[in-house]
Amino acid sequence: MKNFVILGGGYGGLTIIKELLEGKIPSDTQIVLVDRSPFQGLKTEYYALAAGTVSDYDLRIQFPVSDKVTYRYGEVTSIDLEQRQIEFEGQDPLEYDKLVIGLGCTDRFHNTPGAEEYSCTIQSFSKTRETYLRLNEVKAYGNVHIVGGGLSGVEIAAELRESRPDLNISILDRGERVLSAFPQRLSAYVHEWFSEHQVETRGHIAISRLEPNAIFNRDEEIQTDAVVWTAGIQPVKVVQDLDVTKDPQGRVVLNEYYQIPEYTDVYVVGDCASVPYAPSGQAAEVQGEQIAHIQHALWKGEKPNPQPLKLRGTLGALGKKAGFGLMGKTSMMGRVPRILKSGVLWMSKRHLG
């Protein structure tokens with residue numbers, strides 16, 4: 001049997017499996033999904049797990065059951081592109097005929113001293129569980145600081161406000177305003193929401209180092225009881241170690257079929273792929289659909305006809321009752337985008353599960 005190996009059961013990897021199963025898979029080919037966990041974690045909702053407003057169980061999606069799909073659980077340590085082999089921690093290697101790399105991202109600490117040691121994060125299920133424990137052990141009226149005023153930072157700050165109204169919550173960002181990548185009008189709405197809900201937002205912050213219970217804005221010492229780091233991401237180390245061409249963000253540069261040009265038996269999907277969009281679950285799903293269509297065409301001996309990636313927009317939550325969104329050039333604020341985000345979550349659970 002030929003192994004069509006998919007590394008990572010996230011949005012991209014599961015979308016590829018779903019689309020492949022809906023078509024005809026050659027009788028001599030089996031799909032092998034590799035992941036560290038026996039379920040998908042809904043990463044776009046990790047902020048709620050960290051804040052304690054949803055349970056771990058609520059964010060699990062069971063992997064599909066099919067006689068064409070087998071599973072391998074473990075920690076990938078390296079990928080040998082020349083030998084077509086995956087290395088694992090404490091397990092035998094796995095050979096592949098076709099490979100999809102969808103291992104996601106990890107935090108980028110920008111070489112800030114103490115950042116990795118003294119902050120908590122939400123880039124993996126296990127790290128998010130640890131963040132939940134850390135945040136909910138903070139004593140009443142303690143100080144929690146969110147580093148980074150992008151989508152993740154805004155969502156976790158708002159969710160934590162609903163979960164722990166007793167805490168003093170602050171967002172620290174190097175830019176002038178939160179959600180600096182979004183239109184000014186939308187950013188102003190979010191800033192006003194935070195003002196009404198007693199969440200402090202501070203801009204033009206240059207974090208020089210972290211120490212136990214302290215953040216340093218250049219020489220200014222800011223006392224803290226917990227720090228959540230949401231100030232940047234990068235591909236996981238396994239991808240960082242690959243000797244292939246990458247863009248300035250460290251993502252793998254691909255050909256028109258989302259393959260590594262020097263190794264056309266290898267696709268890359270999601271946060272590790274150099275595509276003209278910021279990493280997101282939606283971008284991974286759309287790219288995953290294209291990769292599945294390309295592979296079906298190749299199995300049929302046809303020339304693939306990939307289509308441009310088109311995203312529907314971005315939705316964010318401000319707790320359970322308010323939200324914001326950007327659909328094309330149209331900003332959305334208030335109850336409607338929050339309802340839409342809940343609907344997207346409902347669809348994800350049934351679409352991927």
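Reader: Is the crossing in which α1 passes α8 left-handed or right-handed?
Author: Good place to start, bearing in mind that this is a predicted model. Helix α1 spans residues 11–21, and helix α8 spans residues 281–299. Where α1 passes α8, the crossing is right-handed.

Reader: At what angle do helix α1 and helix α8 pack?
Author: To describe two packed helices, one gives the distance between their axes and the angle between them. For α1 and α8 the axes are 7 Å apart. The angle at which they pack is about 35 degrees.

Reader: By class, how many charged residues does the contact of α1 with α8 have?
Author: Sorting the contact by class gives 7 nonpolar residues and 7 polar ones. The charged residues in this contact number 3.

Reader: How much space lies in the largest cavity?
Author: A probe the size of a water molecule, rolled over the atoms, shows where empty space is left. A search of the whole structure turns up 1 cavity of 30 Å³ or more. The space in the largest cavity is about 50 Å³.

Reader: How many charged residues are in the lining of the largest cavity?
Author: The lining includes R251 and D271, along with G270, A273, V275 and Y277. It also takes in A278, P279, S280, A283, A284 and Q287. Divided by class, the lining has 7 nonpolar residues, 3 polar ones and, for charged residues, 2.

Reader: Which element gives the most to the lining of the second largest pocket?
Author: This pocket holds about 160 Å³ of space, and 13 residues line it, with E45, V54, K320, R338 and L345 nearest its centre. Two elements give two or more residues each, namely α2 (46–51) and α9 (335–352). With 5 residues, the element that gives the most is α9.

Reader: How far apart are the end C-alpha atoms over residues 3–300?
Author: An unreviewed UniProt entry annotates residues 3–300 as "domain: FAD/NAD(P)-binding". Over this stretch the chain is 28% helix and 28% strand. Its end C-alpha atoms are separated by 17 Å.

Technical notes. Residues are numbered from 1 along each chain as its sequence is written. This is a predicted model: local features need pLDDT of at least 70, side-chain atom pairs count only at pLDDT 80 or more; totals for chains, interfaces and linings use all residues. Side-chain values use heavy atoms; hydrogens and water are left out. UniProt positions are given in the numbering used here, feature names are shortened, and annotations may be inferred rather than shown by experiment. Helices (H or I, at least four residues) and strands (E, at least two) are DSSP runs, numbered from the N terminus. Axes are lines fitted to C-alpha atoms, for helices over the stretch in contact, and angles run from 0 to 180 degrees between N-to-C directions. A crossing is left-handed if the near helix is turned anticlockwise from the far one by less than a right angle, and right-handed if clockwise. Ala, Val, Leu, Ile, Met, Phe, Trp, Tyr, Cys and Pro count as nonpolar, Asp, Glu, Lys and Arg as charged, and the others, Gly among them, as polar. On a 1 Å grid over the protein atoms alone, a cavity is a set of points where a 1.4 Å probe fits but cannot get out, and a pocket is an open set with protein on both sides within 12 Å along at least five of seven lines; lining residues have an atom within 4 Å of a point. Grid points are joined across faces, edges and corners, and a volume is the space filled by probe spheres set on the points.
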